[in-house]
Amino acid sequence: MRVVVTGATGNTGTSVVRALAADRTITDVLGIARRRPDLRIPGVRWAEADIDPGHADLTEVCAGADAVVHLAWKFQPTHDPVTTWRTNVLGSIRVFEACARARVHTLVHASSIGAYSPGPDDGRPVDESWPTHGWPGAAYTREKAYLERYLDGFQLAHPQIRVVRLRPAFLFKEGSAGEQRRIFAGPLLPRLLIRPGLLPALPAVSGLRFQALHTDDAAEAYRAAVVRPVRGPFNLVADPVLDMATVAGLLRSRAVPLPAGAARAVLAAAWRMHLVPASPGLLDAVLRLPLLDAGRARDELGWTPSVSATEAVAAFIEGLHRGAGIDTPPLASSGASRA
């Protein structure tokens, strides 16, 4: 089996290509990225391609593949949603249509918990039937939701293609910490302070709770989606549900309650001054995310996470303190990015 992976050099991609290459039923893994990495993984080849409109047609990249795993995504610039829309929406559509032209049998798309509409008032976990209209105030959630609608039509137009949509919660691993710090926090999060015992207090935004997953566990779900004859969406989460008090405990800090409105006002001011990359709309979306039930992934993918959500966040915190990275352009360590 030959598998092509777009966005193969990022947080999810580096874990997915490793998981695929370790599967004996998969004979060839081609990682696609805008910039060829120095990372060497046995069984993985690399090729340069850009999914953005205006670049070379992607049909040749997909030709001969049994499956395409589409992970490529651009989180910034958050002040220019037209740019992210071109890459994330129009670029993804280019990948989907190239799969159809190349007669790829399986398309596995990286959707997200962010595609879901706000959760139910009673806080119960939702399955994959919950509406996927996103949150209109954040570019990320709008883009993920739009692609869900596009794939609805794509499946009808191309029933011969097995389309799988994976909707993971927040993904963390040690090697992605530097990239995620740059994407979401920017310079206002000093790396050397992220060490247990150094931060005396941590703001705990009221109403903020989240689900997390180690990226390597998510990669196993992607591998299973490629090799198993499944279709449709799958939620991916690990227990337990987390909040900022949990994160404060990992840092041996005191959680200081902060009203959501105050947190949003501070974030909005910092974002307008270009001090942080994360937009206030993204905080609005996170506060409204539903809790997910991953029962379908357990039953049909045979998937269960090996690492708890708490352990995944702990690995991320350790990576932040160490300035950890991986030998790819997106995941370069803090030292490499400064150089």
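**View 1. His70 and Thr6 meet through their side chains.** A polar contact (a pair of N or O atoms within 3.5 Å, one able to donate a hydrogen and the other to accept it; residues adjacent in sequence count only if both atoms are side-chain atoms) of 2.7 Å joins the side chains of His70 and Thr6. This is a predicted model, where local features need pLDDT of at least 70, side-chain atom pairs count only at pLDDT 80 or more, and totals for chains, interfaces and linings use all residues. Residues are numbered from 1 along each chain as its sequence is written, and side-chain values use heavy atoms, with hydrogens and water left out.

View 2. Across in strand 5, His109 stands opposite His70.

View 3. The order is 3-2-1-4-5-6-10. Strand 3 (44–48) and strand 10 (232–236) are at the edges with a single partner strand each, so one side of each has no neighbour in the sheet. Strands 4 and 5 (residues 106–110) pair (at least two DSSP bridges) over four bridges.

**View 4. Leu301 belongs to the largest nonpolar core.** This core (buried Ala, Val, Leu, Ile, Met, Phe, Trp, Tyr and Cys residues joined through side-chain atoms within 4.5 Å) has 71 residues, and Leu301 is among those touching the most other members. Helix 6 (residues 215–227) supplies the largest share, seven residues.

Methods:
Buried < 20%, exposed > 50% of the residue type's maximum accessible area, 1.4 Å probe, protein only.
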